[in-house]
Amino acid sequence: MKTMFSLFLYSIQIILPFMAILIAYCCFRALFRSLKPMHPLIVLLNRATGEKMPIMYWENSVGRDKHCDIVLNLPSVSRDHAVLYRRREGWFIADTNSKMGISVNGEKIENDEKVFIGDVINIGGVKLEICRADVLKLKNKGSGDNDYDYDTYSGGGLLTLITVFQMLSTLSVCFSSGDLDYKPVILSGIMLLFEWLVFIVTKYGFGRDNFEIEAIAMFLSGIGVINLCGVDINDAFTQLIAMAIGIIIFEVIVLIIKHADFSMKLRPYVAFFALTLLAANLIFGKVKNGSQNWIMIGGYSVQPSEFVKVAFIFLGASTLKGIQTTKNLTWFILFSAACMGALFLMGDFGTALIFLVTFILIAFMRSGSIRTVVLTCATAALGAAFIFNFKPYIVTRFSAWRHVWEHLNDIGYQQTRVLTYSASGGLLGLGIGKGYLKYIFAAPSDLVFGMLCEEWGTVLGIIVLLMIVFLAIYVRQAGIRSRSAFYTISSCCAAGMMTFQMIMNVFGVTDILPLTGVTLPFISLGGSSLVSVWALMAFIKASDERTYSRE
């Protein structure tokens, strides 16, 4: 009987990786198939030349610069002359500090002006008439707000697959000690009830059919929660609470940033909130694992910098009109400097590096300038030299890099154990909760990728990483279809931040890069990290053109 039961548990280890592959395939197949060919929304007719210019995006730059969406190569047209953009109320034209100004139907405009089919816009002497897309004799499937007939998997089907996966993995961890432990069953049951409640509210409350982003996040978060059941059930319950809070914040952010122009008005308040968090951290923060980046609230430790990540991206993103009317990144550079300066004082250099890479992404997407990126990297190099000069003890943290086996029992202790135990798990793993790496310090947090490979198997560990990578690839493809540059920038930077953080974590514990102590998104123990990554997923959700199609 015992042999039969052992065989049953081993069969679960075989099934889980295949189920994970199926879930990943279904989620990303649905996401990528939602990227239908784009069709013109309207057409601009050049009255002088008869040229017809199809307008494909919700926000379009107009000017003499070759990087503009609508290029008018005349000396009378400014490099960045105007922005033609669409909102729920209709189409608008905005002057972005041009020299010659803009007139609509012969009247010069001062503020954003609503325009209609048949109106004539004069931009630097070029008269452009707004026409319907059918003048190009194309079937205009992209012009309506409700034309979203996508061939996708149902959210209920995806969540059913995830439910089966979570039930099987819970069953595996319940018998990891040889006897039945009912506590993981209770935890998993609560998690499943909450996930299905979120699905019902999303589908029938908000009227959204696209559930792939939530499914990916629930799948990965569930792995993190169930993985902790084999370490400490109390930590698993805490992680589950953080997951619930993260999902709620996710939904709140998706609702708040529904209108890009309204989001722009919130930025001063978000900046004040972020700086207040960092100031509170500097005043009341406790030193933990070498950095003063923790505040104790009611017996729980909170990491404010995780929430500042969300604010950092929110503040860095902008509508196209905001980008063209603000010719530089001065205000955001000052905010970034304040954030990274605070992290420097806290001693959290891993997070500071994540902020720096995200800043480079934001700066490039807003300016399109390679010089900006080069200047930022040069400044970062000088800053690193400054840090190493005045805080030489930091260099010792990297002394074991690429030489961990020479420091087997001191500064290379963690990484050598990760490499040893993760290899011992093989392709399918030893079984959830049956590993030995969990007894090493910081195993459920910084070293969690090693735990995945040891207990869940190398196959599932790689699937987790690939899901984050493919999410970033999808965001890159979907970004140009977003309703605003605000969604494009925020979603790309959110995906970029998670991907870079994943690289730092995995490459750090495997000695490819120096160990910096950052978490693996969704999987690592850390309530603040999990809440933060769910909040970042809200930017990705907002960039999906289907999200607000029925609102």
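This is a predicted model: local features need pLDDT of at least 70, side-chain atom pairs count only at pLDDT 80 or more; totals for chains, interfaces and linings use all residues.
1. The opening residue. I21 belongs to helix α1, which covers residues 2-33. Together with L7, Y10, I14 and F18, I21 makes a nonpolar surface patch of about 510 Å². An α-helix has 3.6 residues a turn, so residues three or four places apart point the same way.

2. The chain as a whole. The chain holds 16 helices and 14 strands, and 54% of its 551 residues count as buried. Its accessible surface comes to about 24,400 Å², with 65% of that area belonging to carbon and sulfur atoms. Among the contacts in the chain with a separation of 6 or more, 68% are accounted for by residues 24 or more positions apart.

3. The pairing of α2 and α4. The axes of helix α2 (residues 155-174) and helix α4 (residues 212-229) come within 10 Å and cross at roughly 5°, and the two helices are therefore roughly parallel to each other. On the α2 side the meeting residues are L158, L159, I162, F165, Q166, S169, T170 and V173, and on the α4 side they are E212, A215, M218, F219, G222, I223, I226 and C229.

4. S154 is found in the loop that runs between β11 (126-132) and α2, and because its relative accessibility is 47%, it counts as partly exposed. Although S154 and C26 are 128 residues apart in sequence, their C-alpha atoms are 9.9 Å apart in space.

5. A buried loop serine. S78 also sits in a loop, in this case the one between β4 (70-71) and β5 (82-87), but with a relative accessibility of 13% S78 counts as buried. When residues up to four places away in sequence are not counted, S78 touches G63, R64, S98 and K99.

6. Side chains of opposite charge can pair when their charged atoms come close. The count of salt bridges comes to 11, and one of them joins the side chains of D112 and K321, with an N to O distance of 2.6 Å. Because D112 lies in the loop between β8 (107-108) and β9 (113-115) while K321 lies in helix α8 (residues 320-325), the pair ties together parts that are 209 residues apart in sequence. D112 counts as partly exposed at 31% relative accessibility, and K321 is partly exposed as well, with a relative accessible area of 25%.

7. The bridge between α4 and α16. E214 forms a salt bridge with K541, and the closest N and O atoms of the two are 3.0 Å apart. Since E214 lies in helix α4 and K541 in helix α16 (residues 527-543), this pair ties together parts that are 327 residues apart in sequence. Both partners lie under the 20% cut-off for buried residues: E214 has a relative accessibility of 1%, and K541 has a relative accessible area of 0%.

8. R546 is buried, with a relative accessible area of 7%, and D544 is buried, with a relative accessible area of 4%.

9. How many of the 9 residues of helix α13 (residues 448-456) are buried? The number is 9 of the 9, so this helix is largely enclosed by the rest of the structure. The buried residues of α13 are V448, F449, G450, M451, L452, C453, E454, E455 and W456. The residue that follows α13 is G457, whose phi is positive, near 105°.

Definitions and conventions. Residues are numbered from 1 along each chain as its sequence is written. Side-chain values use heavy atoms; hydrogens and water are left out. Patches are made of residues with over 30% relative accessible area and no salt bridge: like charges are joined within 9 Å, nonpolar side chains (Val, Leu, Ile, Met, Phe, Trp, Tyr) within 5 Å. Accessible areas come from the Shrake-Rupley method with a 1.4 Å probe; for residues, only the protein chains shown count as cover. A salt bridge is a side-chain nitrogen of Lys or Arg within 4 Å of a carboxyl oxygen of Asp or Glu. Helices (H or I, at least four residues) and strands (E, at least two) are DSSP runs, numbered from the N terminus. Axes are lines fitted to C-alpha atoms, for helices over the stretch in contact, and angles run from 0 to 180 degrees between N-to-C directions. Angles under 35 degrees count as roughly parallel, over 145 as roughly antiparallel, 65 to 115 as roughly perpendicular and the rest as oblique. Contact means heavy atoms within 4.5 Å. Buried means under 20% relative accessible area, exposed over 50%, partly exposed in between (1.4 Å probe, protein chains only).
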